[in-house]
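Visitor: I am new to protein structures. Could you show me how to read one?
Guide: Gladly; here it is.

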Amino acid sequence: QAVIRPTAQIVANVKKVYPDIPVIGFAKGASLRLARYARETGIDAVAVDAQTPRGWAKDTFGHTHCLQGNIDNILLSSDKQKVIDDTHALLEMWDDVPFIANLGHGIVPHTPIDNVAAISEVIKHYRRARSV
């Protein structure tokens with residue numbers, strides 16, 4: 001609630017100057033309240049943290065907004081194979097809607113760079129395979 005009005009004002013001001021530039025909104029922790037946030041702020045894309053259910057996000061926004069995020073940064077920091085599998089699952093689930101593969105939040109300091117490189121390769125090769 002507290003972020004809707006200021007975000008809507010920022011989006012409106014940006015759109016006045018740059019009407020064709022998409023705006024991504026990230027209301028970390030909003031989860032199921034994201035629908036109201038997206039509707040009332042005028043954002044073009046919804047950044048989704050890792051706690052937001054993927055199916056709900058796709059059903060709610062997949063045909064009205066671009067989705068971004070949802071890869072678990074804590075999983076990324078701890079288990080390379082699980083985050084690779086999770087990234088594949090996200091790519092498959094959101095394949096038919098506009099989305100930006102990204103973390104649900106920032107990289108934590110102890111994240112192994114090999115894990116980041118691994119999911120980057122998964123994303124890069126997935127897109128390449130889909131575009132052929």
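Visitor: Is Lys 124 buried, partly exposed or exposed?
Guide: Start with the terms. Buried means under 20% relative accessible area, exposed means over 50%, and partly exposed is in between (1.4 Å probe, protein chains only). Lys 124 has a relative accessible area of 40%, so Lys 124 is partly exposed.

Visitor: What should I know about the model itself?
Guide: This is a predicted model: local features need pLDDT of at least 70, side-chain atom pairs count only at pLDDT 80 or more, and totals for chains, interfaces and linings use all residues. Residues are numbered from 1 along each chain as its sequence is written, and side-chain values use heavy atoms, with hydrogens and water left out.

Visitor: Which residue meets Lys 124 in a salt bridge?
Guide: First, the rule. A salt bridge is a side-chain nitrogen of Lys or Arg within 4 Å of a carboxyl oxygen of Asp or Glu. Here the partner of Lys 124 is Glu 121, at 3.1 Å from N to O. Glu 121 is partly exposed, because its relative accessible area is 35%.

Visitor: Where do Lys 124 and Glu 121 lie?
Guide: Helices (H or I, at least four residues) and strands (E, at least two) are DSSP runs, numbered from the N terminus. Lys 124 and Glu 121 are both in helix H6 (residues 113-131). They are three residues apart there, so about one helical turn separates them.

Visitor: How many helices and strands does the chain have?
Guide: Six helices and four strands. Read from the N terminus, their order is α-β-α-β-α-β-α-α-β-α.

Visitor: How many salt bridges are found in the whole structure?
Guide: A search finds five. One of them joins Asp 86 and Arg 54, with the closest N and O atoms 2.7 Å apart. That pair links distant parts of the chain: Asp 86 is in helix H5 (residues 80-93), Arg 54 is in helix H3, and they are 32 residues apart. Arg 54 is buried, as its relative accessible area is 16%.

Visitor: Which side chain meets that of Asp 96 in a salt bridge?
Guide: That of Lys 58, at 2.8 Å from N to O. Asp 96 sits in the loop between H5 and strand E4 (99-100), and Lys 58 sits in helix H3, so the pair ties together parts that are 38 residues apart in sequence. Asp 96 is exposed, with a relative accessible area of 53%, whereas Lys 58 is buried, with 19%.

Visitor: Which residues of H3 are buried?
Guide: Arg 54, Ala 57, Lys 58 and Phe 61. Now look down the axis. The arc is that of the directions from the helix axis to the C-beta atoms. These residues cover an arc of only 100°, which puts them on the same side of H3.

Visitor: What covers the buried residues of H3?
Guide: Think in contacts: heavy atoms within 4.5 Å. The cover includes H2, E2, strand E3 (66-69) and H5.

Visitor: Which residues of H2 are buried?
Guide: In helix H2 (residues 34-41) they are Leu 34, Tyr 37, Ala 38 and Thr 41. Their arc is only 95° around the axis, which puts them on the same side of H2. Their cover includes H1, strand E1 (24-26), strand E2 (45-48) and helix H3 (54-61). After H2 comes Gly 42, whose phi is positive, near 85°.

Visitor: What does Phe 26 touch?
Guide: Leave out residues up to four places away in sequence, and Phe 26 touches Tyr 37, Ala 47, Asp 49, Gly 104 and His 105. Phe 26 is found in strand E1. Its relative accessible area is 36%, so Phe 26 is partly exposed.

Visitor: Why does the chain's radius of gyration agree with a compact globule?
Guide: The radius is taken over C-alpha atoms, and the globule rule is 2.2 Å times the number of residues to the power 0.38. For 132 residues a compact globule would have a radius near 14 Å; the chain has 15 Å, which agrees. Along its principal axes, the C-alpha trace spans about 40 × 35 × 25 Å. Of the 132 residues, 40% count as buried.
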